[in-house]
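Me: I have a model open here and would like to talk through a few of its features. Could you take me through them piece by piece?

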Amino acid sequence: MTMVIEAQGAGRQLTVGAATEVGRRYAANFDVLHAAELQRRPGLCAVVADGMGASEGSRTAGRMAVDVFTAAVQQHRGPVDPTPLFAAVADAQRRVRAAGQELRELTGCTLTALVADATGAWVTQIGDSRVYRLRGGLLELLTVDHTAAWLGAVHGWYPADSPQAAAARYQLHRFIGHPQLPEPDVLSVTMFPGDVYCLCTDGIAEQVPYQFMERTLGSGASPDVMASTLVTASLEAGGRDNATAVVVKVC
């Protein structure tokens, strides 16, 4: 699946491309992506979600979380700021938790979004999907993984490439559907001409090397080509997970 849209946001022209790939491990794709212009005013809403596991709970959580979040953003009438973004995630938390109680199984997902309107741009992050930004040739990770693996790497509990770190990747302490209904991280980003943003699930982040991502996002290709290149690279690296990328180029 690929898609291309043109949008306005943060006073800039935005070109958006997206791609997703089921990979070789799972029979179905439990990632969910959304990229669309804002309906009530110029702007963009881009979201990726990654279901936890390979069950109906995974499928339900990802689809529900994205639908609830995007509906809230589209219905919001004022300038985008942290308040409606926190409220949208809180609503998604309640809805996914209720669905999990009916399904009686793990029902959870990550959610990572970039929302821009004429007043600015905001990243919303919960879980271990990511947002990267390429600016001036430097690829930066703007988000933090809400996992035990991230804490372990930061605090030196074990080597980043150790079996302990690999196991800790699956220990999320914040996600949509968590019993304690945790809040997301919400951060403001200033968009400059030439910036390239990439939202991706861990099927990209864990399989595509940093240097390859840096070269791809700096290639000058169209966002849909860059997104497709990244998901193809995840397949070539083994395709051990669903892989989804949304690339936003700022003009």
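Reply: Gladly, and bear in mind that this is a predicted model. A place to begin is strand 7, which is joined to strand 8 (residues 138-141) by four bridges, the two running antiparallel.

Me: Which residue stands opposite leucine 134 there, and how many residues are between strand 7 and strand 8?

Reply: Leucine 134 faces leucine 139 of strand 8. The two strands make a hairpin with two residues between them, and in that turn glycine 136 has a positive phi of about 60 degrees.

Me: Which way does strand 7 run relative to strand 10, and how many bridges join them?

Reply: Strand 7 and strand 10 (residues 196-200) are antiparallel and are joined by five bridges; within that pairing, valine 131 stands opposite leucine 199 of strand 10.

Me: Why would you call strand 7 largely enclosed?

Reply: Strand 7 covers residues 130-135, and five of its six residues are buried, so the rest of the structure largely encloses it.

Me: Switching to pockets, what volume does the largest one have, and which residues lie nearest its centre?

Reply: The volume of the largest pocket is about 400 Å³. Its lining is made of 18 residues, with Tyr26, Arg169, Tyr170, Asp202 and Asp241 lying nearest the centre.

Me: Last topic, how many disulfides turn up in the whole structure?

Reply: A search of the whole structure gives zero disulfides. For cysteine 109, the nearest cysteine sulfur is that of cysteine 45, 14 Å away.

Me: What about cysteine 198, how far away is its nearest cysteine sulfur?

Reply: The nearest one belongs to cysteine 200 and is 4.6 Å away, and cysteine 198 is in no disulfide; the cut-off for a disulfide is a pair of sulfur atoms within 2.5 Å.

Me: Is cysteine 198 buried or exposed?

Reply: Cysteine 198 counts as buried because its relative accessibility is 0%, and cysteine 109, at 0% relative accessibility, counts as buried too.

Terms used: Residues numbered from 1 in each chain as written. Predicted model: local features only at pLDDT ≥ 70, side-chain atom pairs only at ≥ 80, totals over all residues. Heavy atoms only, no water. Buried < 20%, exposed > 50% of the residue type's maximum accessible area, 1.4 Å probe, protein only. Pairing = 2+ DSSP bridges. 1 Å grid on protein atoms, 1.4 Å probe; cavity = no way out; pocket = protein on both sides within 12 Å on 5 of 7 lines; lining within 4 Å. Points joined across faces, edges and corners; volume = space filled by probe spheres on them.
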